[in-house]
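Please look over the sequence and the 3D structure first. The report below takes up selected features in turn.

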Amino acid sequence: MASGFFAILDDIATLMDDVASMTKIATRKTAGILGDDLAVNAEKASGFASSREIPVLWAISKGSFVNKLIILPIAFLLSSFLPWAVTIILLIGGVYLAYEGAEKVYHFFVPHLHSKKEAIQETRTKEEILEVEKERIKSAIVTDFILSVEIVIIALGAVVSEPLVNQIIIVSFIALLATVGVYGIVALIVRMDETGYKIMARSKEKSGFLFTVGQGLVNALPIVIKALGIIGTLALLLVAGGIFTHNIEFLHHFAPVVPGMAKDFVVGLIVGFIALLIFKGVTKLIGK
């Protein structure tokens, strides 16, 4: 009886050792897209009133958890029974991400007078502000869903040869990390100014180390948000382009002398603008 108990403990220890090793590999392979996820979501969580930042971020985080609960079991089932469907889903998601990135580039050169951020600043009533917030939260959750699918599939691909139990543990851990880690960092970023003001308040004079640090955090926030907005747009196009170049044989072998990142960006931009033109054309037709 005792020997059986210790044998079970040995099996568990071996399983956890295998899981830890494969988790490191899967985390390394998904590190790039986790960084893209951070940049995209930090940009989407910005632009709100200070008192609304955490509630909005919490709403997006809950939506992200729900996304993972939907994606994980479907991903395991599709990977086991319909592996070809995974590629189709990835390509559809790639089109959406490319569209979002291209739309941001388009609005940079052709300013859009009624963006969601401007709508928040222009609205006056509480009901109007909450309605705009709901739209932005919904948009952020949809984007999170697409990025979550990519993260889960990449992690799953890294451990596809492992037993099903190991796959479930490892991929679920990566998915949890993608939500807790990413949105935890985003929360720290969007609260930089509040932290800065609190540090400044502790300084007895308008000078000294604490005051300088606080002032630096306050002044740095707009720069960080703007930088993350640019990085987020690039990330959308790179992730989208990567989906196509990694899953379409022709694009994967096309122009081998071109660096992979440059190829991903160009492909993402082209697909995004094609999707944008189709969307605008369909919208005009429906309008007429």
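How many salt bridges does the count come to by the rule used here? The count comes to one salt bridge, meaning a side-chain nitrogen of Lys or Arg within 4 Å of a carboxyl oxygen of Asp or Glu.

## Basis of the model

This is a predicted model, in which local features need pLDDT of at least 70, side-chain atom pairs count only at pLDDT 80 or more, and totals for chains, interfaces and linings use all residues. Residues are numbered from 1 along each chain as its sequence is written, and side-chain values use heavy atoms, with hydrogens and water left out.

## The salt bridge

Asp144 and Lys68 form the salt bridge through their side chains, at 3.8 Å from N to O. The pair links distant parts of the chain, 76 residues apart. Asp144 sits in helix H5 (residues 126-158) and Lys68 in helix H2 (residues 50-81). Helices here are DSSP runs (H or I, at least four residues), as are strands (E, at least two), numbered from the N terminus.

## Recorded transmembrane regions

An unreviewed UniProt entry lists "transmembrane region" for residues 70-99, 141-161, 167-190, 223-245 and 265-283. Such annotations may be inferred rather than shown by experiment.

In the model, residues 70-99 are 97% helix and 0% strand. The end C-alpha atoms of that stretch are 23 Å apart. Residues 167-190 are 100% helix and 0% strand, with end C-alpha atoms 34 Å apart.

Two packed helices are described by the angle between their axes and the distance between the axes. Axes are lines fitted to C-alpha atoms over the stretch in contact, and angles run from 0 to 180 degrees between N-to-C directions.

Helix H7 (residues 192-202) and helix H8 (residues 209-247) have axes that come within 7 Å and cross at roughly 165°. H7 and H8 are therefore roughly antiparallel, the term for angles over 145 degrees. Their crossing is left-handed: the near helix is turned anticlockwise from the far one by less than a right angle. Contact (heavy atoms within 4.5 Å) involves residues including Tyr197 of H7 and Phe211 of H8. The contact residues divide into twelve nonpolar, four polar and one charged. Ala, Val, Leu, Ile, Met, Phe, Trp, Tyr, Cys and Pro count as nonpolar, Asp, Glu, Lys and Arg as charged, and the others, Gly among them, as polar.

## H3 against H8

Helix H3 (residues 83-109) packs with H8 at about 150°, with the axes 8 Å apart. H3 and H8 are therefore roughly antiparallel. Their crossing is left-handed. Among the contact residues are Glu100 and Lys104 of H3 and Phe244 of H8. By class, this contact has 13 nonpolar, five polar and two charged residues.

Technical notes. Parallel < 35°, antiparallel > 145°, perpendicular 65-115°, else oblique.
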